[in-house]
Amino acid sequence: MENSKQIILFDGVCNLCNGAIQFIIKHDEQDVFRYAPLQSDLGKKLISQRNIDSSSIDSIILIEHGVAYYIKSDAALEIGKQLKGYKTISSVLQWIPVSIRDIVYDFIARNRYKWYGKKEQCMIPTPELKAKFLS
């Protein structure tokens, strides 16, 4: 595993989450991120190592090796800071108290399957993207 890369753990069966990952890949011009589904063995291991309560976090986690991990809206905004064209808006949105941001985040996360649907299995990356996904 590349320690210089940040890892995004995501819900591999969620259509909204898969779309977000595709968006991040497209805008990750500095090749900052690697990806793994929460449901994968690696995802479960990384969650367990950090004592993250997986029953309350089921949509996105950002891990910076040796630094920190971020959940919910903090994870989304930290990711946005690394994407071309989204640093400013992510920085501005961080001024909103996390309690308010997470209310919105949780509302969307709770309804994501109803609004966007769910896959039967985790996303399978194309051969071109396979190197960005951890197993």
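**Entry 1: strands**

I am working with a predicted model, in which local features need pLDDT of at least 70 and side-chain atom pairs count only at pLDDT 80 or more, while totals for chains, interfaces and linings use all residues. Residues are numbered from 1 along each chain as its sequence is written, and side-chain values use heavy atoms, with hydrogens and water left out.

For the names, I note that helices (H or I, at least four residues) and strands (E, at least two) are DSSP runs, numbered from the N terminus. Two strands pair if DSSP finds at least two bridges between them. By that rule S1 and S3 pair in the antiparallel sense over four bridges, and I also saw Leu 9 standing opposite Ile 61 in S3.

On the other pairing of S1, I found that five bridges join S1 to S2 and that these two strands run parallel. Ile 7 has Arg 34 as its bridge partner in S2. The chain crosses from S1 through H1 to S2, and this β-α-β crossover is right-handed (with the strands pointing away from the viewer, the path from the first strand over the helix to the second runs clockwise).

I then followed S3 onwards and found that S3 and strand S4 (residues 68-71) pair in the antiparallel sense over four bridges, with Ala 68 in S4 as the bridge partner of Glu 64. S3 and S4 form a hairpin with three residues between them, and Gly 66 in the turn has a positive phi of about 70°.

**Entry 2: burial of the strands**

Are the residues of S1 buried or exposed? Buried means under 20% relative accessible area, exposed over 50%, and partly exposed in between (1.4 Å probe, protein chains only). Five of the five residues of S1 are buried, so S1 is largely enclosed by the rest of the structure. Gln 6, Ile 8 and Phe 10 are on one side and Ile 7 and Leu 9 on the other, and both faces are covered. I remind myself that in a regular strand the side chains alternate between the two faces of the sheet.

S3 is mostly covered as well, with five of its five residues buried. Ile 60, Leu 62 and Glu 64 point one way, whereas Ile 61 and Ile 63 point the other way.

**Entry 3: aromatic rings**

How many aromatic pairs does the structure hold? I noted four, where rings of Phe, Tyr and Trp (its six-membered ring) pair if their centres lie within 6.5 Å, and planes under 30 degrees apart count as stacked, over 60 as edge-to-face and the rest as tilted. One of them is the edge-to-face pair of Phe 10 and Phe 133, at 6.3 Å centre to centre with 75° between the planes. Phe 10 lies in strand S1 and Phe 133 in the segment after helix H5 (98-116), so this pair ties together parts that are 123 residues apart in sequence.

Tyr 35 and Phe 133 form a tilted pair, 5.4 Å centre to centre with 40° between the planes. Tyr 35 lies in strand S2 (residues 33-37), so this pair ties together parts that are 98 residues apart in sequence. Tyr 35 counts as buried because its relative accessibility is 0%, and Phe 133 is buried with a relative accessible area of 13%. Ring pairs link Phe 10, Tyr 35 and Phe 133 into a cluster.

**Entry 4: helix H5**

I checked the course of H5 and found that it bends by about 45° at Arg 110 (the angle between axes fitted to the seven residues ending there and the seven starting there). Among its buried residues are Arg 101, Asp 102 and Tyr 105. What covers the buried residues of H5 includes helix H1 (15-27), S3, H3 and helix H4 (87-93), where contact means heavy atoms within 4.5 Å. Just after H5, Gly 117 takes a positive phi of about 90°.

Most residues other than glycine have a negative phi. Asn 51 is not a glycine but has a positive phi of about 55°, and its place is in the loop between helix H2 (41-49) and strand S3 (60-64). At 70% relative accessibility, Asn 51 counts as exposed. Lys 72 also has a positive phi, of about 50°; Lys 72 is found in helix H3 (residues 72-81) and counts as buried at 16% relative accessibility.
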